[in-house]
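Please report on how the parts of this model are arranged and how they touch one another. The sequence and structure are shown first.

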Amino acid sequence: MLSDKSQSSSEQLKKTVLHATHVESSAKMVPFGGWDMPVQYSGGIISEIKAVRSSAGIFDVSHMGRLEFEGPGAESILSSITSANIPALKIGRGKYNFICNAAGGIIDDAMVYRTGEDKYLLVINAGNVDADMEWINPHVDGRTDFTMNVVTNETAMIAIQGSSAVEIIDSLSNGDASKIRRFRIGAAEVSGIPAMLARTGYTGEDGFEIIVAADEGVNLWKTLRDAGAVENGLGSRDVLRLEAGLPLHGNDLSVETNPFEAGFGRFAYYQAPNCIAGYALKHLAEIEPSRLLIGFKMIGRGIPRTGLKILSEGSDLSDESKVIGTVTSGTHSPTIDVGIGMGYVEQKYSVIGTQLVIDVRGRAVEAEVVDMPFYKRE
Amino acid sequence: MYPEDLKYSKEHEWVRLNGNIAEVGVTVFAQESLGDVVFVDLPAEGTEIEQFSKFGEIESVKAVSDLFSPVGGKIVEVNSSATDSPEVVNEEPYGTGWLIKIELSDTAQLDTLMDAATYQATLD
């Protein structure tokens, strides 16, 4: 009953500084974005999810790309390649944004933090680093008014997320951590380890994404684990982000989609005069998108999965005229105990409460468009 | 991990024979590979199935797998605790986590399955 397609070769895969620590913890390792990463630990995905929702979990996110831009021209290069209003970004603040091509297609989604007067950190998806760099580099070449440094390998990044995450980091930083408010970034020592703490995450919970020198990664991981945070892999991370209504590039966002049809137009600032995607994004902002990214909840028995067809009604699943979209992410949500998903549908079917049918491998299963997030912390 | 009184298929299902009724479930290897089981879809009682044909689906948080029946015959009982509380498949794959009971059409089909030692050897 099991296919073995997941058993691909682990050679050529990159390893984070925490790799051996994951293996020691009996993590199941899988290839992800060119890295050999833990998908789950021995307790299983559901117990990892519960730990994050009820107390705290830690995630190795060292595989994510980290780029530092520094110099008087840093503001202008980031204005041109991201969709964030960089001049309005104050020191110590972060902003979710898109890296869009000249047609407004999403090459990647990213977080940009202003860490100093002329200094910024851009965090990008591991699997998109090559595509991002291919697109960014021509705009950087020849510029002498800033430097761009890829610091992915010289640093480790660990996310701690959950209702007690801030409390844990506060106790390890003499209360310095909680002075950093949501969507801000600041320096602090965590158990004596010099760190940059970003009060951001990908789970719908409060917490931090902590960047330290690579050789402090294992020390920080073990310190947080000893403080009670539960090790979490990519499996729980994917469910947690979906429950929180957060999109995943490669699933819900792609170069074939734009920020407006994804419902994230508010993160597409196109007014910067040198924004490469500015013209396209302005146009996309002014037109009605033909399709929209929706969240839906299963009514019937079944779990939505990526790639399944969404129909307006299910009397005949082979009737192509009833197909209105495709599932881009789906899972069983352990937190709300129901199948949940995202997908693009024709605009008129995107209204909250619209009844849909998901073609679950030949079974017509009823679903309903709902507001996201599926889960919101109290 | 692999009880000696059961027969096993290469698709990681097991069979326990009581008279001409075969109880069917998935092995410890299967449930560990799947991870937390969150959904089990089984056919209606009375359905006739052929040996090694698909009879349902089992889903973990991450993945979907087809269930193949190690024997053929008429499904005389389906385990509603497995469909209502799929975690029983992880907890007791050879006990409360059984999936279906089949009235065997041909007991000779059991000879095409593996004993515990042979099955275990395929996992190494």
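## Domains of chain A

In this predicted model, 13 residues of domain 1 of chain A are in contact with 10 residues of domain 2 of chain A. On the domain 1 side, β9 (155-161) and β10 (185-190) of chain A each supply at least two of the touching residues. That side of domain 1 of chain A has 6 nonpolar, 6 polar and 1 charged residues.

The C-alpha centres of domain 1 and domain 2 of chain A are 24 Å apart. The domain assignment gives domain 1 of chain A as 19-63 + 154-243, domain 2 as 65-150 and domain 3 as 290-370.

## Nonpolar cores

The largest nonpolar core has 132 residues, and the members touching the most others are Ile158(A), Ile160(A), Leu197(A) and Ile210(A). Strand β6 (residues 106-116) of chain A contributes the largest share of this core, 6 residues. Another core, of 5 residues, lies apart from it and includes Trp35(A), Met37(A), Val39(A) and Leu234(A).

Beyond its neighbours within four places in sequence, Leu197(A) is in contact with Ala177(A), Ile180(A), Ile185(A), Gly186(A), Ala188(A), Phe208(A) and Ile210(A). Ile210(A), one of these contacts, is also listed with Leu197(A) among the core members that touch the most others.

## Contact between chains A and B

Chain B places 18 residues in contact with 12 residues of chain A. Three elements of chain B, α1 (28-34), β4 (37-41) and β7 (64-68), each supply at least two residues of the side that touches chain A. β7(B) gives the most to that side, with 5 residues. By class, the side of chain B that touches chain A has 8 nonpolar, 4 polar and 6 charged residues.

## The sheet of chain B

An open sheet of 6 strands is formed in chain B, in the order β1-β2-β3-β9-β8-β5, with antiparallel pairing. Its edges are β1 (7-8) and β5 (48-49) of chain B, each of which pairs on one side only.

Within this sheet, β2 (residues 13-18) and β3 (residues 21-26) of chain B run antiparallel and are joined by 6 bridges. Asn18(B) stands opposite Ile21(B) of β3(B).

## Confidence

The model has an ipTM of 0.86 and a pTM of 0.94. For chain B the mean pLDDT is 95, and 100% of the residues reach 70 or more. Among the elements of chain B, the lowest mean pLDDT, 94, belongs to α1(B), and the highest, 98, to strand β8 (residues 73-78) of chain B. α1(B) is also one of the elements on the side of chain B that touches chain A.

Methods. Residues are numbered from 1 along each chain as its sequence is written. Chains are lettered from A and ligands numbered from 1 in the order in which they are written. This is a predicted model: local features need pLDDT of at least 70, side-chain atom pairs count only at pLDDT 80 or more; totals for chains, interfaces and linings use all residues. Two residues are in contact if their C-beta atoms, placed from the backbone, lie within 7 Å. Helices (H or I, at least four residues) and strands (E, at least two) are DSSP runs, numbered from the N terminus. Ala, Val, Leu, Ile, Met, Phe, Trp, Tyr, Cys and Pro count as nonpolar, Asp, Glu, Lys and Arg as charged, and the others, Gly among them, as polar. Two strands pair if DSSP finds at least two bridges between them. pLDDT is the predictor's confidence in each residue, from 0 to 100. A nonpolar core is a set of buried Ala, Val, Leu, Ile, Met, Phe, Trp, Tyr and Cys residues joined through C-beta atoms within 7 Å. A residue is buried if 20 or more other C-beta atoms lie within 10 Å of its own, exposed if 12 or fewer, and partly exposed in between; C-beta atoms are placed from the backbone. Domain bounds come from an automatic or database domain assignment.
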